[in-house]
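Work through these exercises with the structure open beside you. Try each task before you read its solution.

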Amino acid sequence: MNAKKHPYGILSVLLLILVMIAFISLGIGAVYTSPVEVFTNLIGKSQSNHFILFNYRIPRMLLAVIVGASLAVSGAILQGILKNPLASPDVIGVTKGSGLFAVAVLIIFPGASMVALPFSAFLGAAVIAIALMLFSYTQSTKTHSLALIGVALGAICQAGIQYFMIKFPDNVNTTLLWLTGSLWGRGWNEMWFLIPCLILIPLIIIFISKLDILNLGDEMAVGLGERIKYVRYTLLSISVILTGASVAVVGSIGFIGLISPHIGRRLVGSRSKFLLPVSALIGALFLLLADTVGRGVVPPIEIPSGIVTAIIGAPYFLYLLRREQKNK
Amino acid sequence: MNKNIKKQRARRYIIGFISVFLLIAGIFIHVSVGSSSIGITDVIKALFQPDNSKQTTVIQTLRLPRAVLAALIGASLAVAGALMQAITRNSLASPQVFGVNAGASLAIVVATILFPELHSKTTVYFAFLGSALGGITVYLFAAGGKVTHIKLALAGMAVHLFLSSLTQGVIVLNEDATDVLYWLVGSINGKNWSHVLILLPWSVFGLLAAFIMGRSISILVLGENMATGLGEKVQWIRLVSGVIVIILAGSSVAVAGPIGFIGLMVPHIARKLVGGDYQRILPFSALLGGILLIYADILSRFIAYPFESPVGIVTALIGAPFFLYLARKGRNIKQ
Amino acid sequence: MTKLTAEKLSISYDSTSIINNIDLHIPEGKISIIIGSNGCGKSTILRSLARLLKPTQGCIYLNGKDIHQHSSKEVAKQLAILPQSPEAPEDLTVKELCYYGRHPHKGLFARYSTEDHKIVSDALQSTKMEHLSDRTLDALSGGQRQRAWIAMALAQGTDLLLLDEPTTYLDLAHQIEVLELLRNLNKQQNRTIVMVLHDLNQAARYADHLISISSGKIYTEGSPTQVFTEEMIEEVFGLSCKIIDNPVDHSPLCIPTGIYKKNFSK
């Protein structure tokens with residue numbers, strides 16, 4: 001486990017890899033642009049693919065990075081609060097809640113303004129979070145109940161989403177595509193939705209020590225003077241906002257929030273000070289890679305990123321399950 | 001003491017009678033209700049004095065098979081759920097939580113797209129394969145050692161997510177979306193006798209096998225060590241039960257898609273009504289499951305009137321709050 | 001010295017009464033041990049003293065003020081609690097755990113000061129864990145792990161140390177290791193220690209002040225020789241016994257002789 005002794009080293013390496021992949025991804029797509037061309041375009045010495053780069057590829061790359069990081073951080077927070085390595089926004093019903101509200105808006109008000117979509121995604125995520133808090137209130141937010149209730153709420157949302165899809169079959173294809181998660185057609189406009197993420201992610205630094213204290217057990221955390229309810233709710237809210245914003249942009253992409261913290265933990269251990277930034281970088285890399293691969297495998301057809309993350313994510317997840325089983 | 005036992009037994013008989021009555025009534029209502037109502041007397045006439053009227057044809061070719069299917073599937077899924085909850089000693093276990101449903105439907109979707117000419121009878125085998133894969137994945141995580149409800153639920157949910165996102169992905173990439181959408185939800189709409197015929201042998205076999213296993217299951221629930229001490233071969237019981245679950249759930253999904261929550265809810269209700277002996281719980285779950293699905297299907301004709309909704313949505317709308325209730329009760333659930 | 005008292009304390013879960021109107025004064029600078037049979041409420045008393053539980057009736061006073069009126073952080077600076085079975089991520093090192101003990105004293109952005117470093121280092125020394133400070137928790141023996149948690153509690157820098165069954169999952173040698181450590185901390189650093197113990201004889205041996213609980217009420221409290229009587233053990237534990245003088249340090253030693261055949265309904 002030597003890796004755990006050099007967290008700063010790992011952070012730097014990950015950052016470097018991210019930048020490299022970002023650069024490469026700018027070149028991939030229906031129109032291939034060589035790295036040299038990309039570079040000359042960026043520094044302004046050439047205008048050859050300027051339009052594609054600046055209007056499509058660059059915003060898309062940035063979106064992937066920010067959304068990937070947000071989902072990863074959201075997952076890391078949830079796994080910390082719920083003390084369960086399988087917790088993540090997808091599993092706890094937050095993503096589904098976002099999806100339900102967004103789908104409802106998409107279908108019922110097809111001509112709605114740009115703002116309606118992210119707003120409804122936020123609302124959906126928030127509603128689930130509030131429902132979570134309400135339902136677990138009497139049991140002093142026992143972590144077990146919280147997660148189970150999340151799963152149940154997710155199931156309800158899933159039923160709701162399917163109801164919409166069946167009641168309005170004309171929109172099924174767009175709805176499904178949106179639910180699978182994809183960065184297709186996303187550009188600078190969508191960047192506005194991610195402002196909360198850009199604010200919140202740096203702000204998380206404040207909560208890092210509190211997250212670690214929570215890991216010592218509820219009674220110990222109280223014994224050390226933490227107001228655990230307050231901390232948990234605040235962290236939950238942050239996770240919800242990050243997820244809501246992400247879903248608003250890419251639809252419900254899965255596995256990023258589940259897996260990035262795991263990989264992060266294997267690299268740098270469970271101290272939040274390193275785990276959160278490393279997870280963020282891994283999440284960003286993951287989504288960026290998924291999007292790039294989706295674009296580059298069979299151009300000009302784009303495989304939605306959500307499918308790629310599922311294909312990469314699932315086998316790794318199964319491997320994780322086996323490891324957990326062995327550790328017992 | 002004896003008075004109590006007698007009272008209990010009497011109570012169980014009463015419950016049994018009421019259930020059978022509900023089931024039969026349910027079938028009648030199911031058959032008579034729909035986009036065109038058919039009076040009860042007409043239904044009785046059609047069943048026992050069939051003539052060639054249009055109504056009789058409708059009843060015999062459309063409505064009746066659907067009712068029978070609902071009863072069969074409800075029974076199969078309920079018993080599958082009861083078996084799973086017994087083997088894993090986890091009251092949240094069910095074909096849906098364990099990814100059995102999702103695995104089966106993924107397999108079917110893939111099969112339908114890859115081999116469109118395939119006869120429905122053969123797709124059942126794909127369903128078995130899929131449900132086996134889904135179930136084994138979660139089982140690997142959930143069996144043995146101390147697995148809390150939450151670990152099971154999360155593991156199951158994660159596997160379910162994986163499988164259904166794959167299913168979704170396959171559907172998205174393939175133009176034939178609307179048709180296959182039903183496979184995501186589970187529905188008995190538009191099924192006829194051919195479907196019943198596909199399901200019947202598997203259901204009957206599975207249900208009978210389950211009932212026979214009743215006593216062994218009861219002993220298994222006492223604990224592995226206890227069961228071995230009483231001479232039961234624990235691994236063998238688990239294996240056979242697993243196979244039965246795959247048969248019951250897989251065949252149901254093959255015919256009607258992944259209808260959820262029946263396997264989760266019914267065993268709990270059954271346990272409350274007839275006590276903890278699986279020799280009673282299993283047959284009673286079958287009865288109760290049939291009733292539940294029949295009435296759910298009746299409901300499904302109305303929630304989006306005049307369109308019919310897939311029954312899977314109704315079971316989800318009833319079942320998810322139930323799941324929520326179970327989750328809150330969580331502390332007191334005995335393993 | 002920090003004063004901790006309970007007045008007219010009652011605690012109920014749902015409609016069952018666990019603790020019934022007790023008054024308790026924790027003697028400062030001494031080791032107080034709470035004993036009682038299973039389910040009598042001893043853990044509940046300790047946890048309410050540590051403000052982990054809210055009283056249904058009555059009040060806990062920390063330095064004369066209602067403990068629930070203090071902010072949790074304020075309490076954490078006066079009183080350290082080591083609950084039963086604390087959890088921690090496996091890859092945490094002993095030293096990192098200790099630093100968490102400084103948490104109540106730090107604001108949101110505060111970094112660790114020289115004083116913090118000294119306190120942690122002292123805590124590790126007191127618990128003889130310096131040579132293990134870079135080991136992860138899962139690589140320690142049971143006794144070492146408990147010492148690590150105690151080091152963290154020491155790092156909190158409080159007069160008062162409350163421990164809920166600190167020896168229950170340890171084997172005998174480690175149990176004595178922990179108890180001797182606590183006695184030293186009391187004698188050399190003058191810390192007030194309150195703990196719940198399962199083992200009667202250990203309680204009699206290490207306590208300055210013994211509190212025996214029966215059915216949610218204090219049966220009796222006082223020095224071990226006062227409290228540890230055959231009658232008390234019969235009434236509270238349903239056990240017939242003979243009390244003799246421990247040949248090693250002359251504390252009372254209980255030798256069971258049979259089940260007490262009274263209407264013992266617990």
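Predicted model: local features only at pLDDT ≥ 70, side-chain atom pairs only at ≥ 80, totals over all residues.

**Exercise 1.** Where does Arg51(C) lie? Is Arg51(C) buried or exposed?

*Solution.* Step one is the location: Arg51(C) belongs to the loop between helix H1 (42–49) and E4 of chain C. Step two is the count: 21 other C-beta atoms lie within 10 Å of Arg51(C). The cut-off for buried is 20 or more. Therefore Arg51(C) is buried. Step three is phi: Arg51(C) is not a glycine, yet its phi is positive, about 60°.

**Exercise 2.** Describe the pairing partners of strand E1 in chain C.

*Solution.* Take E2 to begin with. Strand E1 (residues 4–13) and strand E2 (residues 16–26) of chain C are antiparallel and share seven bridges. One pair to find is Leu4(C) with its bridge partner Ile26(C) in E2(C). Then look at the turn. The hairpin of E1(C) and E2(C) has two residues between the strands, and Asp14(C) there has a positive phi near 50°.

Now take E4. E1(C) is joined to strand E4 (residues 57–62) of chain C by five bridges, again with antiparallel strands. Here Ser10(C) is opposite Gln57(C) in E4(C). As background, strands of a sheet pair through backbone hydrogen bonds, either parallel or antiparallel.

**Exercise 3.** In what order do the six strands of the open sheet in chain C lie? Which are the edge strands?

*Solution.* Read across the sheet: the order is E6-E7-E8-E3-E9-E10 in chain C, with mixed pairing. The edges are E6 and strand E10 (217–222) of chain C, since each of them pairs on one side only. Next comes the angle: neighbouring strands are turned by 15° against each other on average, direction ignored.

Then zoom in on one pair. Strand E3 (residues 31–36) and strand E9 (residues 209–214) of chain C run parallel and are joined by five bridges. Within this pair, Ile34(C) faces Ile211(C) in E9(C).

**Exercise 4.** How compact is chain C for its length?

*Solution.* Begin with the inventory: chain C holds nine helices and twelve strands. Its radius of gyration is 19 Å. The globule rule gives 18 Å for 266 residues, and the two values are close, so chain C is as compact as a globular protein of that length. The C-alpha trace spans about 60 × 40 × 30 Å along its principal axes. As for burial, 43% of the 266 residues of chain C count as buried. Last, take contacts between residues at least 6 apart in sequence: in chain C, 64% of them join residues at least 24 apart.

**Exercise 5.** Describe chain A by its secondary structure, burial and contacts.

*Solution.* Chain A has 15 helices and zero strands. Of its 328 residues, 57% are buried. Among contacts between residues at least 6 apart in sequence, 74% link residues at least 24 apart in chain A.

**Exercise 6.** How many residues of chain C are in contact with chain A? Which element of chain C gives the largest share?

*Solution.* Count both sides: 18 residues of chain C contact 17 residues of chain A. On the chain C side, helix H2 (72–76) and strand E6 (79–82) each give two or more residues. The largest share, four residues, is from H2(C). Now sort the chain C side by class: 13 residues are nonpolar, two are polar and three are charged.

**Exercise 7.** Describe the surroundings of Ile318(B).

*Solution.* Ile318(B) is part of helix H14 (residues 311–329) of chain B. It has 18 other C-beta atoms within 10 Å, so Ile318(B) is partly exposed. Leaving out residues up to four places away in sequence, Ile318(B) touches Phe261(B) and Ala296(B). Met265(B) is 53 residues away along the chain, and its C-alpha atom is 9.4 Å from that of Ile318(B).

Methods
Residues numbered from 1 in each chain as written. Chains lettered and ligands numbered in written order. Contact = placed C-beta atoms within 7 Å. Nonpolar A, V, L, I, M, F, W, Y, C, P; charged D, E, K, R; others polar. Rg over C-alpha atoms; globule rule 2.2 N^0.38 Å. Buried ≥ 20, exposed ≤ 12 C-beta atoms within 10 Å, placed from the backbone. Pairing = 2+ DSSP bridges. Axes fitted to C-alpha atoms, helices over the stretch in contact; angles between N-to-C directions.
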